[in-house]
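Please read it alongside the sequence and the coordinates shown below.

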Amino acid sequence: DSQVLIRKVIELHDKYLAYVSDCFQNHTLFHKAMKEAFEIFCNKTVGGSPSAELLATFCDNILKKGGSEKLSDEAIEDILEKVVKLLAYISDKDLFAEFYRKKLARRLLFERSANEEHEKSILTKLKQQCGGQFTSKMEGMVTDLTLAKDNQNEFENYLSNNPNAHPGIDLSVNVLTTGFWPSYKSSDLNLPSEMVRGVQVFKEFYDTKSKHRKLTWIYSLGSCQLIGNFEAKKIEMVVSTYQAAILLLFNTSDRLSYSEIMTQSNLGHEDLVRLLHSLSCAKYKILIKEPISKTVSPNDIFEFNPKFTDRMRRIKIPLPVVDERKKVVEDVDKDRRYAIDAAIVRIMKSRKVLGHQQLVSECVEQLSRMFKPDIKAIKKRMEDLIARDYLERDKENANLFRYLA
């Protein structure tokens, strides 16, 4: 269990820190020895997960509502302080930042954050430890949500002052700044007619505020509350916008094939399989699938299940969890390429001419605050910059590089 592991590492750190400060009068030699020892095992992969991910997951568990850690405010502050100290030993700080940002986004957007003050507090600690650039996007996300709430209040005022502009449904929209948040897939979902009017009305309102901004709707992050009229009773269902779009198709059709749902919703195979599985094969079988099986295939037929019932009057229909690790690692790799490019150009701009070995070592030194750059990756980026006419090799000495302005 990753929570237990990080707890044990924190306890271990407390123990040896006490030895260094109490028994060895904070001697720099012992601090150095302790730092080197912690750096070795804090950078190991455990159970297939890098330590950066385990640390971000640990923070998420402490900061989200209903996490496994039930602690007082003082205890949370104390443990967050210790987590940030552990982060100092981790070489892939950029990987931690990306995992943490993804989890922070989910806490903020789905209102799962237990306490806004704790969220701001850890960002302050991270800023002190890793610098302002490290937390700038995360701080932007927290500010963005405050502005989004003000924007929603203005939208509600606009609706009350314009009776003709009613969207027909209760609509709440978060307008966010693209640069701060992780990148999300925006698909061309065919919105149900019940929702199209809402999007249109919100756009009309937003145009009164700003003509120069483009709104991109991220339906994959939306959620809806639908009333299901079942034979036994009405049940309120909390679903994602995608799930709602599929369920609303059954208002006008009794039976739909997989391909018909695909055509009408305009969703891809990967998304559709997950969505139909959650509605027909998981805990809540809102749809009946033919043939009955645990998996969804393109030959299946679906129909609304009028006999569905549950002891609750309100149910939340979850989607299968997607493993985001691969996507996070890919995003970080892409960012690292840009960071290496920028470092090489920065160094060469100031030095004009530099030897291969010196350029590599200066590049490693500049980047090591955020991650440990791979020497092969640096060489690859150098070749790429030569191809793009940022640098050139000296004609007489192939190990010498010149900066091309």
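Phenylalanine 30 is partly exposed, with a relative accessible area of 33%; here buried means under 20% relative accessible area, exposed over 50%, and partly exposed in between, using a 1.4 Å probe and protein chains only. Phenylalanine 24 is likewise partly exposed, at 34%. The model is predicted: local features need pLDDT of at least 70 and side-chain atom pairs count only at pLDDT 80 or more, whereas totals for chains, interfaces and linings use all residues. Residues are numbered from 1 along each chain as its sequence is written, and side-chain values use heavy atoms, with hydrogens and water left out.

**Aromatic contacts**

Rings of Phe, Tyr and Trp (its six-membered ring) pair if their centres lie within 6.5 Å; planes under 30 degrees apart count as stacked, over 60 as edge-to-face and the rest as tilted. The whole structure holds 15 aromatic pairs. One of them joins phenylalanine 24 and phenylalanine 30, which are stacked with 3.8 Å from centre to centre and 15° between the planes.

The pair of phenylalanine 202 and tryptophan 217 is edge-to-face, because the ring centres are 5.9 Å apart and the planes stand at 80°. Phenylalanine 202 belongs to helix α8 (residues 193-209) and tryptophan 217 to the loop between α8 and β3, so the contact ties together parts that are 15 residues apart in sequence. Helices (H or I, at least four residues) and strands (E, at least two) are DSSP runs, numbered from the N terminus. Phenylalanine 202 is buried at 0% relative accessibility, while tryptophan 217 is partly exposed at 23%. Both residues belong to a cluster linked by ring pairs, which also includes Phe155, Tyr158, Phe205, Tyr206 and Tyr219.

**Salt bridges**

A salt bridge is a side-chain nitrogen of Lys or Arg within 4 Å of a carboxyl oxygen of Asp or Glu. By this rule there are 31 salt bridges, among them the following.

| Glutamate 53 | Arginine 325 | 2.7 Å |

Lysine 289 lies in strand β6 (residues 287-290) and aspartate 300 in the loop between β6 and β7 (301-304), 11 residues apart. Both lysine 289 and aspartate 300 are buried.

Aspartate 207 and lysine 203 are four residues apart in helix α8, so about one helical turn separates them. Aspartate 207 is partly exposed at 26%, as is lysine 203 at 45%. In the remaining tabulated pair, glutamate 53 is buried, with a relative accessible area of 11%, and arginine 325 is partly exposed at 26%.

**Strands β3 and β4**

Two strands pair if DSSP finds at least two bridges between them. Strands β3 and β4 (residues 234-240) pair in the antiparallel sense over seven bridges, and they form a hairpin with four residues between them. Asparagine 229 has lysine 234 in β4 as its bridge partner.

In a regular strand the side chains alternate between the two faces of the sheet. Cysteine 224 has a relative accessible area of 14%.
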